[in-house]
Amino acid sequence: MEKPFKYAIALFTSKYEKILLLIAIIQIPLLVFHLFLTNFIYAVTPFNGTIHSAGDTYYGFLTLLLYLYAQIPFIKLTYNDYMGHEKPLKDAIYTFLVQGFNIFIFAIVLSFLTTIGFMLYILPGLILFSIFIPAPIIAVIDNKSVWKSLKETITIYKKHWLKLLLYILVFGLFELAIGIVLNQLILGITTSYAALVISQIFLNTLFYPFFIVLLTSSTIKWRENLNMLNVEDHSTAL
């Protein structure tokens with residue numbers, strides 16, 4: 001993997017019909033579930049006048065949880081395409097069903113810790129999230145438990161921590177800015193809550209899959225570089 005960004009764009013444009021199918025089957029149902037559940041939580045949790053209400057805490061936790069969980073099929077599709085495997089879409093859905101529970105449990109733990117970190121002035125949560133976000137990618141690629149991927153994940157973070165942080169910040173802030181502009185444009189036309197929700201779901205279906213494809217492509221490159229370094233170190237030792 002020489003140029004992850006260029007590869008991600010090529011994959012996203014050439015295989016968009018497959019990515020769109022994954023969006024329709026997996027991402028959109030999870031987004032709709034997230035919408036109804038968070039609206040219910042805000043309705044039943046009291047607002048005590050503080051900066052972070054209980055509803056905001058639950059919202060952050062659920063957002064991170066589904067963010068980590070929904071990436072499984074996009075990771076597998078990216079890796080299968082890179083390796084030239086046949087039926088990458090079918091295998092991506094199969095992997096989501098088979099490895100989903102293991103990564104879901106991991107996502108619960110990481111989302112809980114990250115949410116606490118975000119409540120402590122944001123930075124601790126951002127760092128924690130950037131450390132472990134490649135773990136599901138490695139687990140899906142190697143078809144192993146995500147817990148067995150943590151050691152390599154930390155190694156990757158030590159070498160590429162700045163890139164991981166920038167990926168998360170740039171994509172997160174850019175999507176947020178586009179979302180604010182889009183909301184203002186829609187509010188200039190209609191005050192319909194449904195229109196705002198649909199626009200945000202549409203925006204997420206564009207940014208999220210591309211971000212996961214790019215992060216997976218970058219992780220593949222970083223792992224290849226690590227393997228090359230290990231081989232060179234071993235040859236030197238001999």
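In which sense, right-handed or left-handed, does helix 2 pass helix 3? Before I answer, a word on what we are looking at, which is a predicted model in which local features need pLDDT of at least 70 and side-chain atom pairs count only at pLDDT 80 or more, while totals for chains, interfaces and linings use all residues. Residues are numbered from 1 along each chain as its sequence is written, and side-chain values use heavy atoms, with hydrogens and water left out.

The crossing of helix 2 past helix 3 is right-handed, a term that applies if the near helix is turned clockwise from the far one by less than a right angle, anticlockwise being left-handed. When I say helix, I mean a DSSP run of H or I with at least four residues, numbered from the N terminus. Helix 2 covers residues 16-44 and helix 3 covers residues 54-69, and the two pack at an angle of about 165 degrees with their axes 10 Å apart; here axes are lines fitted to C-alpha atoms over the stretch in contact, and angles run from 0 to 180 degrees between N-to-C directions. The pair is therefore roughly antiparallel, since angles over 145 degrees count as that, under 35 as roughly parallel, 65 to 115 as roughly perpendicular and the rest as oblique. On the helix 2 side the residues that meet helix 3 include Leu30, Phe33 and Leu37, and on the helix 3 side they include Tyr58, Tyr59 and Leu62, where contact means heavy atoms within 4.5 Å.

Next comes helix 4, residues 72-83, which has twelve residues and reaches 17 Å from its first C-alpha to its last, close to the 16 Å expected; the expected span is 1.5 Å times one less than the number of residues. Nine of the twelve residues of helix 4 are buried, among them Pro73, Phe74, Lys76 and Asn80, with buried meaning under 20% relative accessible area, exposed over 50%, and partly exposed in between, for a 1.4 Å probe and protein chains only. Just after helix 4, Gly84 takes a positive phi of about 75 degrees.

How does helix 4 pack against helix 7? The angle between them is about 55 degrees, with their axes 9 Å apart, and that makes helix 4 oblique to helix 7. Ile72, Ile75, Lys76 and Tyr79 of helix 4 make this contact with Pro136, Ile137, Val140 and Ile141 of helix 7, and the crossing of these two helices is right-handed.

Staying with helix 7, I would point to Ala139, which is found in that helix and is buried, with a relative accessible area of 0%. Leaving out residues up to four places away in sequence, Ala139 touches Gln99, Lys144, Ser145, Val146 and Ser149. Ser149 itself is found in the loop between helix 7 and helix 8, is buried as well at 0% relative accessible area, and has its C-alpha atom separated by 5.5 Å from that of Ala135, 14 residues apart along the chain. Asn143 belongs to that loop between helix 7 and helix 8 too, but Asn143 is exposed, with a relative accessible area of 58%, and has a phi near 55 degrees, a positive value in a residue other than glycine.

Finally, please look at helix 8, residues 150-187, whose 38 residues have end C-alpha atoms only 44 Å apart, short of the 56 Å that a straight helix would reach. Helix 8 bends by about 90 degrees at His160, the bend being the angle between axes fitted to the seven residues ending there and the seven starting there. His160 is also one of the buried residues of helix 8, as are Ile156 and Tyr167.

Which residues does Tyr167 contact, leaving aside its neighbours within four places in sequence? They are Phe211, Leu214, Leu215, Ser218 and Trp222. Ile156 has a partner in Thr219, a residue of helix 9, residues 193-237, and Thr219 is buried, with a relative accessible area of 0%.
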